[in-house]
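Me: I would like to learn how to read the features of this model. Where do we begin?

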Amino acid sequence: MVPLRSINDLLGGQTTFNPTSNTATIKFGTHKVEFKMNSTEIVTDSSTSVMDTVPVLYKNAMFVPLGVLTKHLDIHQEWDQQNKLYSLSGKELMKTPMMENVEDLDHFKEYVDNENAFQLLSYKLAMGEKIHLDITSKNMTGKKISEGIEDLNTTFIFSDGSTAGENRNRKRPSIDKDEIVTLEYDIDYVRTIENKKIIKHELSYVLFKGRTLKTHK
């Protein structure tokens with residue numbers, strides 16, 4: 001189950017909610033899907049079907065079943081049972097203002113050699129006084145990665161649209177073939193002053209890219 005906001009922010013769909021009918025309408029590409037709160041009925045374009053769950057309201061956000069949504073929007077999906085990872089793919093995904101802003105801040109995007117050099121295996125996220133993240137990935141290149149070209153790139157995106165990330169000038173060690181790597185991060189929340197009050201902005205998303213870079217100066 002995913003909140004409608006994430007569909008707007010991440011997937012690139014357009015969502016609207018009608019509070020009178022408790023109906024959410026999601027548009028993606030040429031397709032349109034309608035969900036109704038607490039109803040198993042789903043309307044796709046002009047056809048009606050029934051799903052085995054219902055949308056729910058949680059913390060003032062409507063959550064809809066992602067698997068049902070991607071099926072009816074023709075988004076390719078894969079489930080990795082071993083690592084418990086659910087993957088979506090498609091050229092129209094993540095074409096959103098928020099993601100484009102993050103891409104614009106990617107200083108190494110012109111030097112990327114392999115976009116899929118690492119596979120995400122697991123992560124643990126704790127949000128206390130600081131944000132603590134452990135993220136584990138595996139070298140999938142089939143060879144040793146030389147010193148200086150590993151790019152395990154993690155970006156933290158906050159509720160005000162601001163971002164925080166790792167030290168881009170950090171040392172990049174060599175990584176053995178098939179090696180599993182765990183990185184730890186401790187990140188401060190973004191705070192701004194509004195009307196002489198300090199506002200703490202919550203973490204909205206974590207974006208992880210496991211890449212290698214071309215050798216560059």
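Reply: Begin with polar contacts. A polar contact is a pair of N or O atoms within 3.5 Å; within protein, one must be able to donate a hydrogen and the other to accept it, and residues adjacent in sequence count only if both atoms are side-chain atoms. The model is predicted: local features need pLDDT of at least 70, side-chain atom pairs count only at pLDDT 80 or more, and totals for chains, interfaces and linings use all residues. Residues are numbered from 1 along each chain as its sequence is written, and side-chain values use heavy atoms, with hydrogens and water left out.

Me: Which backbone nitrogen does the side chain of Thr 96 reach?

Reply: That of Met 99, at 3.1 Å. A polar atom of the Thr 96 side chain also lies 2.7 Å from the backbone oxygen of Asp 9. Thr 96 sits in the loop between strand E10 (85–89) and helix H3 (97–104). Helices (H or I, at least four residues) and strands (E, at least two) are DSSP runs, numbered from the N terminus.

Me: Is Thr 96 buried or exposed?

Reply: Buried means under 20% relative accessible area, exposed over 50%, partly exposed in between (1.4 Å probe, protein chains only). Thr 96 has 2% relative accessibility, so it counts as buried. Contact means heavy atoms within 4.5 Å. Beyond four places in sequence, Thr 96 is in contact with Asn 8, Asp 9, Leu 10, Leu 11 and Gly 12.

Me: How do I read a nonpolar core?

Reply: In soluble globular proteins, nonpolar side chains tend to be buried together. A nonpolar core is a set of buried Ala, Val, Leu, Ile, Met, Phe, Trp, Tyr and Cys residues joined through side-chain atoms within 4.5 Å. The largest one here has 20 residues; Phe 35, Val 64 and Leu 69 have the most contacts inside it. At least two of its residues come from each of helix H1 (4–11), strand E3 (23–28), strand E4 (31–36), strand E8 (61–64) and helix H2 (66–72). A second, separate core has 18 residues, including Ile 135, Ile 145, Phe 158 and Tyr 189.

Me: What lies over the face of Tyr 189?

Reply: A charge sits over a ring if NZ of Lys or CZ of Arg is within 6 Å of the ring centre and within 35 degrees of the ring normal. Here Lys 200 lies over Tyr 189, 4.3 Å from the ring centre. Tyr 189 is also touched by Glu 202, as are Phe 158 and Ser 159. Glu 202 is in the loop between strand E18 (197–201) and strand E19 (203–213).

Me: How many aromatic pairs are there?

Reply: Rings of Phe, Tyr and Trp (its six-membered ring) pair if their centres lie within 6.5 Å; planes under 30 degrees apart count as stacked, over 60 as edge-to-face and the rest as tilted. The count is three. One of them is Tyr 58 with Phe 63: centres 5.9 Å apart, planes at 75°, so edge-to-face. Phe 108 and Tyr 111 are also edge-to-face, because their planes are at 70°, with centres 6.4 Å apart.

Me: What about phi?

Reply: Most residues other than glycine have a negative phi. Asn 38 has a positive phi of about 60°. Asn 38 lies in the loop between E4 and strand E5 (41–44). At 61% relative accessibility, Asn 38 counts as exposed. Asn 195 has a positive phi too, near 55°.
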